[in-house]
Amino acid sequence: MRIETFEMERMQCLYENEVEYNLSESGVYPLSMEELLEGEELRSVLSVPLGYPYSNGSPALRERIARFYPGASPEHVTVMNGGSEVNHVVLWTLLEPGDRLAFMVPNYMQGWGLGRHFGAGSDAFRSRLGEDGSGRRWALDVDELRRAVTERTKAILVTNPNNPTGAVLTGEEMAGVIEAAGRVGAWIIADEIYRGAEVDGETTPTFWGRYDKLVVTSGLSKAFGLPGLRLGWAVAPPALIEQLWIHHDYTTLTPSTLSERLASVVMEPARREDVLARTRGIIRRNLPILEEWAAGHGDLLDYVRPAAGAIAFLGYDLPIESPALVERIRLEQSVLLVPGEQFGMGWQLRIGFGSDPDHLRKGLERVSETLRQAG
Ligand SMILES: Cc1ncc(COP(=O)(O)O)c(C=O)c1O
């Protein structure tokens, strides 16, 4: 069976290294090995024998990852190559032909395509922009979620904090997801790869520990600023961890030895908090640049403050669909953004603001040029 092209990943791969200003990234400016390691620690990494590591992650790494999830222990954790491999293996493991995946939209669309590939299809439920006591925010349409979840639903996939909106689910919305899953005995897949990258306030509460048929997928690529390590993990009940491992033996076998080792350094609790603090520092420093820029466009742009992640999802009032607008900006200005269509929602643009501030400012100035001309 053929699988459809994952449009966003293909577009980024084609152009992110070609443009002068890449504002399509969803993470922050990445850390280097030099920033991460010093003295003895660096020397010890340089002398690691490059053999095969534990295929499910070393006990030390799994123990450290488990500590990020209250109540979890190493037998709840397995390690793979990036959050995307984890999502792939989880959906491959859970979905049988005939099963349906209920899928939060807008979202990172990997799960959408895999639900159609491994199962009988994906059913959308949306977050919508609305007004509540705390101002304008992306709110989960819990009624639509209830309608999307049927007896055929094997799993519900939510991304929290969300890509592309940067919204974080409220306690009530989380309860709504759990209630919908519990009604039909579905799994919840909570992609929490942006957890820890909050703009202000507390670390996003994890779904872990709130429901029994639950798998958290995550990794070092976003909140930790280390996408090049390609290090991801699943946290799930031990019986599912065993099933994921069986499937992982047919994909990449093991994580990379060096990444596994560096991940152990990063996930040591005190270091983990330092790395997350760096990410939040970048986000807090850069967000005002984006906000000032968006405000300068008046009613042309509809900006809502993200709660987490170095991404904002802006509406715009121009007579041009988002893929065409993004292409125009790329060709005219050598700046790459991501069109809303690639997250399942048109007439929006995702702007990544995690880069160097000067790079961000200059890239945004160029975007303004095309927005003016397209108006
Ligand atoms: C929600 C979400 N999950 C997973 C991934 C993939 O992560 P990785 O680079 O670790 O494979 C992304 C990448 O953008 C993402 O946004």
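## Helix 11 against helix 13

Helix 11 and helix 13 cross in a right-handed way, meaning the near helix is turned clockwise from the far one by less than a right angle. This is a predicted model, where local features need pLDDT of at least 70, side-chain atom pairs count only at pLDDT 80 or more, and totals for chains, interfaces and linings use all residues. Residues are numbered from 1 along each chain as its sequence is written, and side-chain values use heavy atoms, leaving out hydrogens and water.

Here's who touches whom (contact means heavy atoms within 4.5 Å; helices are DSSP runs of H or I, at least four residues, and strands are runs of E, at least two, numbered from the N terminus):

| helix 11 | R285, N286, I289, L290, W293 |
| helix 13 | P357, L360, R361, L364, E365, V367, S368, L371 |

By class, that contact has eight nonpolar, two polar and three charged residues; Ala, Val, Leu, Ile, Met, Phe, Trp, Tyr, Cys and Pro count as nonpolar, Asp, Glu, Lys and Arg as charged, and the others, Gly among them, as polar.

Four strands form an open one in the order 10-11-14-13, with antiparallel pairing; two strands pair if DSSP finds at least two bridges between them. Strand 10 (301–302) and strand 13 (338–339) sit at the edges, each pairing on one side only. Strand 13 is joined to strand 14 (residues 348–352) by two bridges, and these strands run antiparallel. V338 stands opposite R350 in strand 14.

Zooming out, the protein chain has 13 helices and 14 strands. Its C-alpha trace spans about 55 × 55 × 45 Å along the principal axes.
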